[in-house]
Amino acid sequence: MTTLPANVHLIDHPLVQHKLTLMRKKEASTNTFRRLLGEISSLMAYEVTRDMPMQDVQIETPLETMTARVIDGKKLVFVSILRAGNGILEGMLNVVPGARVGHVGLYRDPKTLTAVEYYFKMPQDMQERDIVIVDPMLATGNSAIAAVERLKELNPKSIKFVCLLTCPEGIAALHRAHPDVPIYTAAIDRQLNEHGYILPGLGDAGDRIFGTK
Ligand code: URA
């Protein structure tokens, strides 16, 4: 894909791309895969939080009083789509340790590939919060669409979607349903296969993070 679709942010930093290549390799161990995902997620958090509002505060250095800047409010919430989202969540929390965390449990019906909700737990005051949804793979888009729909019912201030990998079909599906939700990704792969997997991709992200099969 040469031109980026609207409202898609490709995080093309050499460190992110290098680590992603190592993760894709089929011989990468669970330990390596999980560590690299955490590292990439911390790097992606840097881009995703770039537009966070700041405020001035008075502080004292050992030498004088100064006006310095801090992040305004503590209203960021990371929403992890279980279970693979937790692989990104940890890396994000490493750099934004004060953020709140919500979880959405969705599984893909293997026949229809549609998302079925089994868990939904959010912090209070969602209408005052900026939401960053995390899920490593934006594939069919069904889980992402279901999660965004559910979260919009809570009237949050904003919603962003962060994944490690996506494909043209995933972007088109999420943006057909929710064009207002920016997508942050480290790569846009070639295509989705008939089983809902991204090609060339990296396989099943949840299995690779948790060492299951
Ligand atoms: N979920 C995954 O874990 N991998 C894919 O390729 C698509 C969806």
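Q: What makes up the shell around the ligand, by class of residue?
A: In this predicted model, the shell has five nonpolar, three polar and one charged residues. The residues around the ligand are Met-137, Ala-139, Gly-196, Tyr-197, Ile-198, Gly-201, Asp-204, Ala-205 and Gly-206. Asp counts as charged, so Asp-204 is the charged residue of the shell.

Q: Which positions does UniProt mark as "binding site"?
A: The unreviewed UniProt entry places that feature at Ile-198, Gly-203, Asp-204 and Ala-205.

Q: Why is Gly-203 called partly exposed?
A: Gly-203 has 16 other C-beta atoms within 10 Å. Buried needs 20 or more, and exposed needs 12 or fewer. The count of 16 falls in between, so Gly-203 is partly exposed. Gly-203 sits in the loop between strand S14 (198-199) and helix H6 (205-210).

Q: How do you know that Asp-204 is partly exposed?
A: Its count is 15 other C-beta atoms within 10 Å. That lies between the limits of 12 and 20, so Asp-204 is partly exposed. Asp-204 is also placed in the loop between S14 and H6.

Q: What makes S10 and S12 a pair?
A: Two bridges join strand S10 (residues 165-166) to S12. Pairing needs at least two bridges, so S10 and S12 qualify. The two strands run parallel. Thr-166 has Ile-188 in S12 as its bridge partner.

Q: Why do S8 and S12 stand at the edges of their sheet?
A: The open sheet of three strands has the order S8-S10-S12, with parallel pairing. Strand S8 (137-138) and strand S12 (187-188) each have a single partner strand, so one side of each is left without a neighbour in the sheet.

Q: What is the strand order in the open sheet of seven strands?
A: The order is S1-S11-S9-S7-S4-S5-S6, and the pairing is mixed. Strand S1 (8-10) and strand S6 (115-121) stand at the edges, because each has a single partner strand. On average, neighbouring strands of this sheet are turned by 20° against each other, direction ignored.

Q: How do you know that S4 and S5 pair?
A: Six bridges link strand S4 (residues 76-82) to strand S5 (residues 100-108), in the parallel sense. The requirement is at least two, so S4 and S5 pair. Ile-81 stands opposite Val-104 in S5.

Q: Which strands does helix H3 lie across?
A: Helix H3 (residues 85-95) lies across S4, S5, strand S7 (130-134) and strand S9 (158-162). H3 runs at about 155° to S4. Helix H4 (residues 142-152) lies across S4, S5, S6, S7 and S9, at about 135° to S5.

Notes: Residues are numbered from 1 along each chain as its sequence is written. This is a predicted model: local features need pLDDT of at least 70, side-chain atom pairs count only at pLDDT 80 or more; totals for chains, interfaces and linings use all residues. UniProt positions are given in the numbering used here, feature names are shortened, and annotations may be inferred rather than shown by experiment. Helices (H or I, at least four residues) and strands (E, at least two) are DSSP runs, numbered from the N terminus. A residue is near a molecule or strand if its C-beta atom, placed from the backbone, lies within 6 Å of it. Axes are lines fitted to C-alpha atoms, for helices over the stretch in contact, and angles run from 0 to 180 degrees between N-to-C directions. Two residues are in contact if their C-beta atoms, placed from the backbone, lie within 7 Å.
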